[in-house]
Structures are given as C-alpha cells and as structure tokens.
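Please find below a short note on the model under review.

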Amino acid sequence: ANKMDISRADGGSYTDNLIGTLLALFGNVLVSIALSIQKYSHVTLAGTKDLRVFYRTKTWWCGFVLTCLGEGANFVSYAFAPLALVAPLNAVSVLTSSILGLIFLREKSKPKDFAKRYGLSFLGCILTIGGTYLFVAFGPNSHEKLKAENVVKHFVGWPVLLYLLLEIITFCLLLYFYKQRSANYLVIILTLVALLGSVTVITVKAVSGMLILTIEGNMQLDYPIFSVMFVCMVASVVFQARFLSQACKLYDSSLIASVNYILSTVFAVVAGAVFYLEFKNEDVLHICMFLLGSAFCFLGVYLITKSRKRPKTFEPYVTMDMVNGIPTIHDKGLVVQPDSNSAFSYGALVNNDGVAPATLPVNLEQPPVGSGCTDTSYGLPDLKKD
C-alpha cells in the first residue's frame, strides 16, 4: 500500500511540476510579448504628433492585459512547481525578448555584418535553451500541498530561522553601506534586490499554494500565516521596485538585466532549498546537472544582454564658452544641463528616443544686439552664418 501511495505521489508530483513549468514558460513568454507591444505603443506615439497620453491608446492597454495574464500564470506556477524550477525560467523572458528583437529588426545589413553583430546573441540563445532543458529535466521533483500548517512548520524550523537571520544581517549591512557610505555599486543594489526577491518567492509560493487549496474547497485564507505571508509578499515587491528604479538611474539596463537574473535566481534557489527542502531527496547527479543547466542559462543571458544594441548616450548641448566664434558642443563634461528625467532635457539637440529634437529657447544665429546685459559678450566675434 505504501509503495502504491508513493508511486501515486510521485506521479502527482511529476504532473504538478509539468503544469507549473508550462505555466511559467507561458507566463514569461506572454510578459515578453506584452512588454514589446507596450514599447511599440510608446515608440509609435512618440514618433507622431499625437498628443494623447500613452494609457489612452488601445495598443498599450493590450500590452497591459497580456502582462497581467502572464504575471498571473507565473503566480499560479509557484503553487505547482518548486522554486528551483520556476525561478530560473525567467531566462525565457530574456530569450523571447531577444528573438522578438531580431525578428522585428528593421535595419538591413549584410550576412557577415549581421553574424558579427548578433553572433553572441545566437550563442546566448542556444546556451539558454540548452540550460533550460537541463535544469527542467534534472530539477527537483519534490512537491507538497502548502496547507497553512505545513507553511508554519517550515517557517519555525531552525534552518529557516538561521537563514532568515543571516539574510536580515546581510541586508542591514548592505543597506548601511548603500545609504550611509553612498556605496552605489551595482552589485550592492542588486544584492539588496535579490535578498528581497528570495523573501518574495517564498511568500508567493505560500500564498499561491494556499489560494489554490482554497479554490479547491479547502479554506486556508482564515489562518494568520496567510495574512503574514501576503503582507511580506507585497512589502518585498514594493521595496524591490524601489531599489531596481535606483539601479536603472545609475547603470545600463542590459547589465542590470543579466546581473539581476543571476543574483535573483541564486537566492531564489537557495531559499527554496532551505525553506521548502526542495533538494532533500535528490541525488548528486541530478543536483550537478541542475547546476550545470543553471550555469548555461546564466552565461546565455549574459551574452544576450551584452550584445544588445545600446542606445547612444550622446546628448550634445551648447555652453557659453565660444572658440573662434563657434559654439562648443559637448558630449560629457563638467557642465551638466538640468534634467527632469523625461525624454527631453533642457537644451537637448538630439533625443535618444527617436523623437523630433526639442527646439532651443535661444536663437544662436542672431544674438540680441543692444541689450542691457553686459555679460553676454566677452569680446566675442560675430557668429558666421552658414
């Protein structure tokens, strides 16, 4: 009888893992498509004289609905599959975005130039696909119904308490260096995000599992542990978004995507192994193959994001120091124009978003003559007209 129960449990576990993996794959692909649609909406709106706000367009709302569906599928996937399977599948989102970018690439180039420019992307895609197959095929097969009692048992275990204590200490130390010492290094910011992310995946799995059981007829929402997990989930997501926004202001988005994926996946897998004991019954071969697949995905995501075409950061602006009667145009210098974190900045001659350039408020070709200001001319010669 015990053998039959075990085999049924294993069969149910394989089925649940398959459902969770497919939901995570579907969700990540859908989110990538949705973000591409929203990006297309922004670019199209910016390239026209349409004065509508982006959220008044049908295209943007279509992308928003698809994003909600994709994130919903990701949320439900945590209830069926282990964290160690769901977390690395975020590489599928990066892979899909890269493929969509290559499909909708509008510029025409020779095959040699195309291969030279996007060869790393193809290699990264191959590594990501191979790594995804490895960690899905050899990933942990442990699964349990996350009733409130089971979540409490996991939560009060000494390995979990020790893990949470170390995580809190590490988070406080990094936050001290980040806030008080102004250590705005990318690794520090994204490690803070990853530490919060490990709390997020733990709580998301618990909340999702209890919600699925409640839908099946076994009420779990009236237990205090559900409220605790739900509050921790919302709080960790909000603070993650704040730290990510700070990182986006300081560093390149492609670098953030690769480093954040690697750190978040590592901490999520460790959290699943400690909190939910996902690798408890796995042998050494399966663990090594899972780690190899994850390493392939890490390398693949890094190559994909590294070879992305980065937007030119050159924003020329004119300063008042003239050389031989010609305005000096700077790329990067000590003089910084006021910026309002929008597509345009004061005095910008080139807009990186592909929109028409902003007009200068000062007419440089015909400077005012006879004005009362004496500091407008420092012995400058007349400007030559083209």
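The points below concern a predicted model and take up a helix pair, the cysteines and one serine.

1. The helix pair consists of α8, spanning residues 186–215, and α9, spanning residues 224–250. Their axes come within 8 Å of each other and cross at roughly 150°. Angles over 145 degrees count as roughly antiparallel, and α8 is therefore roughly antiparallel to α9.

2. As for the residues that form the contact between α8 and α9, 24 are nonpolar and 5 are polar, while no charged residues take part.

3. How many disulfides does the model contain? The count is 0 disulfides, where a pair of cysteine sulfur atoms would have to lie within 2.5 Å. In general terms, a disulfide is a covalent bond that joins the sulfur atoms of two cysteines.

4. The accessibility of two cysteines may be of interest to the reader. C62 has a relative accessible area of 39% and is partly exposed. C172 is likewise partly exposed, with a relative accessible area of 44%.

5. Is S41 buried or exposed? This serine belongs to helix α1, which covers residues 2–46. S41 has a relative accessible area of 4%, and because the limit for a buried residue is under 20%, S41 is classed as buried.

6. The surroundings of S41 complete the note. Leaving aside residues up to four places away in sequence, S41 touches T57, T59 and W60.

Notes
Residues are numbered from 1 along each chain as its sequence is written. This is a predicted model: local features need pLDDT of at least 70, side-chain atom pairs count only at pLDDT 80 or more; totals for chains, interfaces and linings use all residues. Side-chain values use heavy atoms; hydrogens and water are left out. Axes are lines fitted to C-alpha atoms, for helices over the stretch in contact, and angles run from 0 to 180 degrees between N-to-C directions. Helices (H or I, at least four residues) and strands (E, at least two) are DSSP runs, numbered from the N terminus. Angles under 35 degrees count as roughly parallel, over 145 as roughly antiparallel, 65 to 115 as roughly perpendicular and the rest as oblique. Ala, Val, Leu, Ile, Met, Phe, Trp, Tyr, Cys and Pro count as nonpolar, Asp, Glu, Lys and Arg as charged, and the others, Gly among them, as polar. Buried means under 20% relative accessible area, exposed over 50%, partly exposed in between (1.4 Å probe, protein chains only). Contact means heavy atoms within 4.5 Å.
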